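Please keep the sequence and the model open while reading.

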Amino acid sequence: MLKLLPLIPLFPLISSILLMVTLGKMPKKFVAILGAGSVGLAAVTTLLVGLAFMESGQPYHQVLWTWMQVGNFSPDIAFYLDGLTLVMMSVITGVGFLIHLFSTEFMEDDVSVSRYFAYLNMFVFAMLILVMADNLLLLYLGWEGVGACSYLLVGFWYQNPENGAAARKAFVVTRIGDAAMAVGLFLLFTELGTLDIQPMAEAAKTQWQVGDTVPVIACLLLLGGAVGKSAQLPLHTWLPDAMAGPTPVSALIHAATMVTAGVYLIARTHELFLLAPPAMLAVALVGLITSLMAAFTALNQHDIKRILAYSTISQIGYMFLALGVGAWAAGIFHLVTHAFFKALLFLAAGAVIHCLHHEHNIFKMGGLRTRLPVVFWSFLIGSAALAALPFTSGFFSKDMILLQAYELPGAGPWLWAGGLLGALLTAIYSFRLVFVVFFGEAKMEPDKLPGIRMALPLSLLCVLSIIGGWFALPLSSVFPAAGDHHPSHLIEGISISIPLIGLAIAYLIFLGGQLKVDGLVNSNIGQVLKKFWFSGWAMDWLYDKLWVRPYKFLAYILRRECMDDIYNTIVKFCQFLFMVLSRTQTGRLRWYATSMVFGLILVIALLQGAI
Amino acid sequence: MILVNLILILLVGGVIAWLAERQHPGLPRWIALIVILFDLAYLVAAADLSWTKINVVPNPSEAATWLIHYKAEWIPRFGISFELAMDGLSLLMVILTLVLGAISVSASWTDIKQRTGFFEANLLWTLAGVLGVFLALDLFLFFLFWEVMLVPMYLIIAIWGHEGRGYASMKFFIFTQVSGLLMLFAILALVVLNQHSTGEYTFSYFDLLGHGVTGDMAYLLMLGFFIAFLVKLPGFPVHTWLPDAHTQAPTAGSVILAGILLKTGAYGLIRFVVPLFPHEAMAFSPIALALGAVGIIYGAILAFGQDDFKRLVAYSSVSHMGFVLLGVFAWNALALQGAVMQMVAHGLSTAALFMIAGSLQERLHTRDMSKMGGLWQNMPRMGAMAMFFMLASVGLPGLGNFVAEFMVLVGLFKVAPWMATISALGLIVAAVYSLIMMQRAFQGKPKEGLQLPDYGVREMLTMAVMIIGLVWLGLYPQPVLDTAQPVLDSLTTLVGSGESSVVEASVVEMSTAEVADNLNSVQIVGVVK
Amino acid sequence: MDGVNIPLDHVLLLSALLFICGLLGLMMRRNIIFILVSLEVMLNSSAVAFVAAGARWGQADGQIVFMMILAVAAAEVAVGLGLVLQIQRRFKSLDMDDANRMQG
Amino acid sequence: MLELILFYMASTIALVSTILALTRANATHALIYLILSLLAVAVIFYLIGAPFAAALEVVIYAGAIMVLFIFVIMMLNLGEKGDRREKQLLKPKVWIVPEILALIIKFELVLDLSQSTPATTQGLVTSKQVGLTLFGPYVLAVEIASMLLLAGLVGAYHLGRRYLEEGREK
């Protein structure tokens, strides 16, 4: 049964190529079936392969063909299946299928649906390759493929130049991360002689001691790549703009799968990171700072999708925090639960936008509780899981991370405190969203209700968001066993109560109205802070001033090819010489006679001299 | 004799195509296509190439070990012989030339209206010249083909070019001619000095490999060769002819110019510059690497700043060929393979982009991107093709360019880590200009009432050939790697650097000022007596 | 009368002076006729030098060359005058500076 | 002694008449002075012992060529208008530079001649001698001279004929 492994990425690839080749000639219905069906088939195959794998227990390695072979550089197209890969594949194909099903109705009235499903299937294929690759070069292939597909999908409605700009921004910013990761790959290959993950881990353990400079540099470069793709602090500005794409795209790419690629990379190469403690600390710090920064920004956004985008950045910050403190299993566990509830939230937001004819501003919506019940309940459950209210899936995974962060000697408690503040803010902005959109007086009337193909994925995801926390993921074989931790009940109590406090605060501010914050908000500090946080801590402005403007200016100056001036000066000098000589040709006989006489004099003088 | 026939078929084909114009203006195109395909078939059939033969590692200095070797006396007094030989590297280049030749003929099917016969004749003669360059192993014959390749290309640009063709073709001709002159000095000086030490004149590559010239003179000779090939492979300071030549050349002209003529420069570097002057080349390599890296970044920045679609693609090939320069002068097995792969993959991807540029110009009668916009709406198939080849030129893994660039950078990282890191920036700036090209030309608000014919069957077939080529190179490049492998092994062992490269992993300590005076020290190259 | 003991230098000096006068005329005058005249003078002065040299060595060669010069002078005058006619007809004046189409 | 005096007289006449020839405004006056200068040169030829050359000079040079010259000038009948233009051409500005150059050359030649060893003419060279050498070693030169004259004839005829035709049409 394990032999079916290569089939999983093959299904989306075939359907994507089919959709591309037919160039929109296929009837809409058939396109939807092919698009969603292929991912469904992949999900079923993953299930089968998963079952077979659970019985056998050891990792399964399958080589298709050697990609290229020059000297000792011989990466090959090969898949590696272990617990981590299985978890990631099931998330991608499972959540992916639900999102495909959702988008069959969401994109129904769009003119180029086949192009949409072609890109979406290609994305699922690239993500599967990324996850199943057994060597870093094939992983890099999936890595860049995912980046390219996200560029295509974000820029799907290309008529509007802003979408094009957002897509370009996404591709270039992630590309910076990819370049860093590429240099990391070069370093790893030069030092360890191979790019296959498992042999590389062994070679690293033998060659390097803990804390050598080379592993630290390599891990920091890999972190650079992960930061680019998972939209963490330095390279996160592209994710909020990437909301320009269709909402199911945001659900699939910018919530469930692509942004978690960075987390997967670090998890997959955790042996290297174990050899570089400073790099792990860096991962934790990046994660923590990003989550806090994103949480504050999400507090005062008014576009429903941008709130969810910043919340994604914040939640991935948590995963980075988990990886930084060595809680690998907890990080992946949070990744899985986050995929469930964030996909749910995005799809619900998609449904809201779809029914309110593309309205994005939450303050224009209100009181949708009664008109869109399904959407309301899915939003409620999603936000509960996001805020990690007790007994939701989010609670189990976030709690594990915070507890293990607390365990870390040295900076542990600080990280834990930061995490808690993040959890509080998460609770506040998620319930702010729910109360503003679904409670209060109705400002807009939805013109249509979500059909069955929208409601079904929403309900399935609701179920997953709730019970998602109870499954034990088969990660024990992959990661070193995390220490048994049972901190004092006080710490546990605090981390349980924080989300509830957040919920109360949100209720008091946005629904009950008892807690007046207008005074605080309208004070001039408040205004400045509000604008500052709204623009994402002015990161966009900073990057524009730091990189974009100088690059454009440089390109503008060099546009006329300054190197040409060197050759043009040579040309001008020749023309000057020609002009001087041509003036001597006056055409008058006397002038020629005189010049001849002049010559005669010289000759005779020479003769005189010579004799 | 096979090699001689290869070139002869093209030359004769050119004449026939020229004469065929009288019967019917469309006929020369068919004749050109048939001649090129026949030449390709002849190569495959006549030269019984089996993997066993290709895999034997040739010793560069003995003719017998090469795949095919042909030698005939020409001017015995000076040791000049009509010597052609083919090994793995030149086999690859010959196949690339013929494939791109066929593609360029199909690219300009409807493009050329007047004097089609003469156009196809020039096309075939350029191809013949290029084949000669790839096969010639007698330096005198090499220089002859170097010029033969140049003249018809000049005519193609000068006669069928666009509005600024006079300036562009003249600039192209002068740049290559002057640098060719430098190379001629170097060849003659080499032969004369060789005659001093060995006592008899010989222009043959095999005998010149062990020439006794050392010291500053060898450095100058190496520079002479290097500059000639740097101009042809548009290296950083001397690349300014390429954008003009490309924007003004007709579609077929720029496909051939970008696809094949740039490769002659790179081929020259691998075949002549480093093997003939190993130690000087290694001493010179920090500068060359610096030029390569600067070329990548400079080409990309300028590409970003262009308004003209073809000029942007031209600068992109300046940027891509920077990688080849890096690959050659890193001089280990991996980097060299990367350079060869880049030559092949870049040929395909840039040829496609130029075809798209040509068809855009044919439909919109302009290359100015500010006048384009939202063309995907009118021409979805061309938009899809442009997107695919744009992604290829950005270096999307799974396509040929990525494999090449990755290998070059990994090979370079072993030799000069900092240089590799700087060149990795090239990946970012490459993405920047390619995306801006797609945005300004194909995306954005479509112009109303614009009825444009989309791609027909012929164009889609040509594009399909190139897509298959690129995907095949991207996913299973092993056949190409194996053909070039034995040659590159023999070259790396010949230069004696092997894995532990002579060039110690030093940051580029030579400042650009030193680069400048090296370049103008070349002006005083004279035949030393 | 028997052509003896006339100092050669003086004759050569005479021929040189005559030649320079011809040269002067060529440089000064703009009228084509005077250019031809100065040419004649220069030719004649060279003839003098040749004959004087012949006389100095008592050989006939000098005079042979003199006859050659005569032939040259005759042909030159013939063609020169033909040109004069043409120039007169085309440029309506004999001023050589008008005929400067070869300028630039 | 007589020859020497005669020689110096003839030389001065030749020089003066040449200078006058070149500075005249009127073309015919210039030609007449030129003929005078040629005759003086013929006398010099005679004095230095080349009677045959003297005869030729008088017959061919002065007689034939100069007469042809005068004939063509008369035919062109320039009239007074041309002479006035000639006068304003002789302004000092025109001949200062050539004069300087001429002086330099004179100085150079004189310097050159002064260095040469003094020698005198050796005696009479009879026309018989001239005839013998002419058709002895120099027979080829005669042929060349004849070809040259033929070329001159053809040139003159061609240039002249077109002039006459247009003249007739007008």
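## A buried glycine in chain B

B:Gly383 counts as buried because 22 other C-beta atoms lie within 10 Å; the term applies where 20 or more other C-beta atoms lie within 10 Å of a residue's own, whereas 12 or fewer make a residue exposed and the values in between make it partly exposed, with C-beta atoms placed from the backbone. The residue is part of helix H16 (residues 380-394) of chain B, where helices (H or I, at least four residues) and strands (E, at least two) are DSSP runs numbered from the N terminus.

If neighbours within four places in sequence are left aside, B:Gly383 is in contact with B:Leu375, B:Trp376 and B:Phe442, a contact being a pair of residues whose C-beta atoms, placed from the backbone, lie within 7 Å. B:Met438 is 55 residues away from B:Gly383 along the chain, and the C-alpha atoms of these two residues are separated by 8.6 Å.

## Basis of the model

This is a predicted model, in which local features need pLDDT of at least 70 and side-chain atom pairs count only at pLDDT 80 or more, while totals for chains, interfaces and linings use all residues. Residues are numbered from 1 along each chain as its sequence is written, and chains are lettered from A and ligands numbered from 1 in the order in which they are written.

## Two domains in chain B

The domain assignment, whose bounds come from an automatic or database source, divides chain B into domain 1 (1-51 + 63-276) and domain 2 (277-523). The C-alpha centres of domain 1 and domain 2 of chain B are 21 Å apart, and 45 residues of domain 1 of chain B are in contact with 48 residues of domain 2 of chain B.

On the side of domain 1 of chain B that touches domain 2 of chain B, at least two residues come from each of helix H4 (88-107), helix H9 (215-232), helix H10 (241-248) and helix H11 (251-276) of chain B, and H11(B) provides the largest share, with 15 residues. By class, this side of domain 1 of chain B has 32 nonpolar, 10 polar and 3 charged residues, where Ala, Val, Leu, Ile, Met, Phe, Trp, Tyr, Cys and Pro count as nonpolar, Asp, Glu, Lys and Arg as charged, and the others, Gly among them, as polar.

Chain A holds 26 helices and 2 strands, and of its 611 residues 53% count as buried. The C-alpha trace of chain A spans about 120 × 60 × 60 Å along its principal axes. Among the contacts in chain A with a separation of 6 or more, 80% are between residues 24 or more positions apart.

Where chains A and C touch, the contact takes 10 residues from chain A and 12 residues from chain C. Helix H26 (residues 589-610) of chain A gives the most to the chain A side, with 5 residues, and that side has 3 nonpolar, 5 polar and 2 charged residues.

## How chains C and D meet

Among the 4 pairs of chains that touch, chains C and D have the most contacts between them, with 65 residues taken from chain C and 73 residues from chain D. H3(C) supplies the largest share of the chain C side, 23 residues, and the residues of that side divide into 45 nonpolar, 12 polar and 8 charged.

By contrast, no contact joins chain B and chain C, whose closest C-alpha atoms lie 24 Å apart, and none joins chain B and chain D, where the closest C-alpha atoms lie 41 Å apart.

Conventions
Two residues are in contact if their C-beta atoms, placed from the backbone, lie within 7 Å.
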